[in-house]
Amino acid sequence: MTKFACCVFDAAGHTNPLLALTSELCERGHHVLFVLASPMMVGAIKKSKAKFTEGPAEEGGSYSFETLWTEEDLARFAGPREDIMKGVIPDTEDQTEDQLSFPNFFLFSWAKGVATMDDYKRIAKSVDAFIADPIMMNPSVVALMEGKPLISTVTFPQFACVPSLIGIEDEEEQRAKMERLERAVQESSDKLRKDFYPGFNFFKNFVSSAGMLPTGLNLCTGVKEFDKDLPALLQRMMGEEAKDSMHYVGPMVLSEEDGHISQAPKSDGTVEGAAEDAFPMDRIEQWKAEGRKVIYASFGTVASNMVWNWEEADSGEWYAPHKCLGARQSGKVYCTHLFTQLMEAFGGTRDVAVVLSSGPHFDECGLEVPENFLVRPSVPQVEVLELVDAFVSHGGANSLFESIAAAVPLLILPHFGDQHANGKMVVDLDIGLYHDDPVAEVTAEVLREDVAKLLDPQIASKFKRKMQRLHESIRSAGGARRAVDLIETYVENFKGHAPAKLDEPVEVLQRCGTGEIKDFVIVDSEIHSEIH
């Protein structure tokens, strides 16, 4: 039995694959310690582990929790989403130009990450290995410095998708952006190198938001057909041997019944506007029986909820695209526009019906729902895709995979982040259509024309054939089962990490553990660990 610390990144698209992965680990008799920065995902984790026993490994439990939030954090989580970061990072008007060049959650993650570094060091003493999304800083740093196996789960379709480098192709520009980030988080970075790991410089060892190690096990929920070359800076950081550490395992997906998250909870774990009644699947079946084509539309749990009110995105300031990972407007503006155009395009039509997963704020849009629309705050997406004829989507990774699995042609209307790259990939793979700037480009007429193409028997047949071939590649990638096979082999054969790179030489640092001394010996500005 191996005890894994699974460090949860609070976003549905990043957590869903981990739910499937950790269920497979529990099934094989391993123990999973979920490390949580907020209560957001506690309910989803428990739902996904309903057939397993919660409790410490020593008492026979399959999974347990390590909670890192404070009472002060809980008070913020219970308030408006836009207030969660107040008091942790500077307000926008007080930020430096370097800080304005990055999303607030980057700055927040650094500040909270360093504040909880001691907790992660303590956790490292009680577990055998770390599993984490490489967006997170702490697991990567602690695994490297404490000599623990690191399993990084890239929940984008490509290893090449690095959030901090999206849209930057030139290596010098990539390096310049990392230098700006280092200045932006200098206070936290200095604290990390002075108070926790003397001399350790994060930016000499990792590319931000891609905290993978060449001596780690790096898993991507995509397949080889989706990927491109790694960003040059990341390739240089990891070296040629990185290729041997990278494996494509395809999507790791649970059904809604088994715990798949279809609507992101708030940071306090509650779900806004959750429908209490069962989803009326029979209504879709009735529409199909009437001969109607059924379109499913969903624009993601982030746009429809977490960044519904995103002042920076709507500000028009120079820093807005940098601060908002490429978003041109708030979730409210983006979703309201697309909801409106969908209803203008298809409302009242007799040959088409629409299922819309709206998120919890639909009532704020002031729209009257046509009789041929089924609107719900959340929808059992995996099950619904088995019944529909076309999918109008924001282009998130999970939605992309699930659409391919069901062979449902796609229209990608991205909001931010990797969604733009995913949209271009859909066109390159010839499995759907894409607009780069939906609010500027998409009208009711454009939607009618695009959906007509997706429903055209000849075009739809072509898209479906290519999706089916991709699905075979995805299916053969192995999913959670193959991922756990790789994890078990990696942990069993783990030989340690390469030395960490430091700012300046330090003679000898000693850290007392539980009855043993681990000496960190610095040689030529690299840190080597020795167990006595």
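**Pockets, a cavity and helix packing in a predicted model**

About 820 Å³ of space lies in the second largest pocket (an open set of points, on a 1 Å grid over the protein atoms alone, with protein on both sides within 12 Å along at least five of seven lines). The volume is the space filled by probe spheres set on the grid points, which are joined across faces, edges and corners. The model is predicted, with local features needing pLDDT of at least 70 and side-chain atom pairs counting only at pLDDT 80 or more, while totals for chains, interfaces and linings use all residues. Residues are numbered from 1 along each chain as its sequence is written, and side-chain values use heavy atoms, with hydrogens and water left out.

The second largest pocket is lined by 34 residues, and L165, I166, G167, I168 and E169 are the closest to its centre (a lining residue has an atom within 4 Å of a point). Two or more lining residues come from each of α8 (171–184), α16 (320–323) and α20 (419–428); helices here are DSSP runs of H or I with at least four residues, numbered from the N terminus. Helix α20 gives the largest share, four residues. In terms of class, 15 residues of this lining are nonpolar, nine are polar and ten are charged (Ala, Val, Leu, Ile, Met, Phe, Trp, Tyr, Cys and Pro count as nonpolar, Asp, Glu, Lys and Arg as charged, and the others, Gly among them, as polar).

The largest cavity has a volume of about 60 Å³. Its lining comprises 13 residues, of which P134, V154, C161, S209 and A210 are the closest to the centre. Eleven residues of that lining are nonpolar, one is polar and one is charged.

Helix packing comes next. Two packed helices are described by the angle between their axes and the distance between the axes. Axes are lines fitted to C-alpha atoms over the stretch in contact, and angles run from 0 to 180 degrees between N-to-C directions.

Helix α17 (residues 331–346) and helix α22 (residues 444–455) have axes that come within 8 Å and cross at roughly 65°. α17 is therefore roughly perpendicular to α22 (65 to 115 degrees counts as roughly perpendicular, under 35 as roughly parallel, over 145 as roughly antiparallel and the rest as oblique).

For helix α6 (residues 117–126) and helix α7 (residues 138–146), the packing angle is about 50° and the axes lie 10 Å apart, so α6 is oblique to α7. This pair also has a right-handed crossing. M117, Y120, K121 and A124 of α6 meet N138, P139, V141, V142 and E146 of α7.

Helix α5 (residues 104–115) packs with helix α9 (residues 186–196) at about 15°, with 9 Å between the axes, so α5 is roughly parallel to α9. α5 passes α9 in a left-handed crossing. W110, A111 and V114 of α5 make the contact with S188, S189, K191, L192 and F196 of α9; five of the residues involved are nonpolar, two polar and one charged.

Methods. 1 Å grid on protein atoms, 1.4 Å probe; cavity = no way out; pocket = protein on both sides within 12 Å on 5 of 7 lines; lining within 4 Å. Left-handed = near helix turned anticlockwise from the far one by under 90°. Contact = heavy atoms within 4.5 Å.
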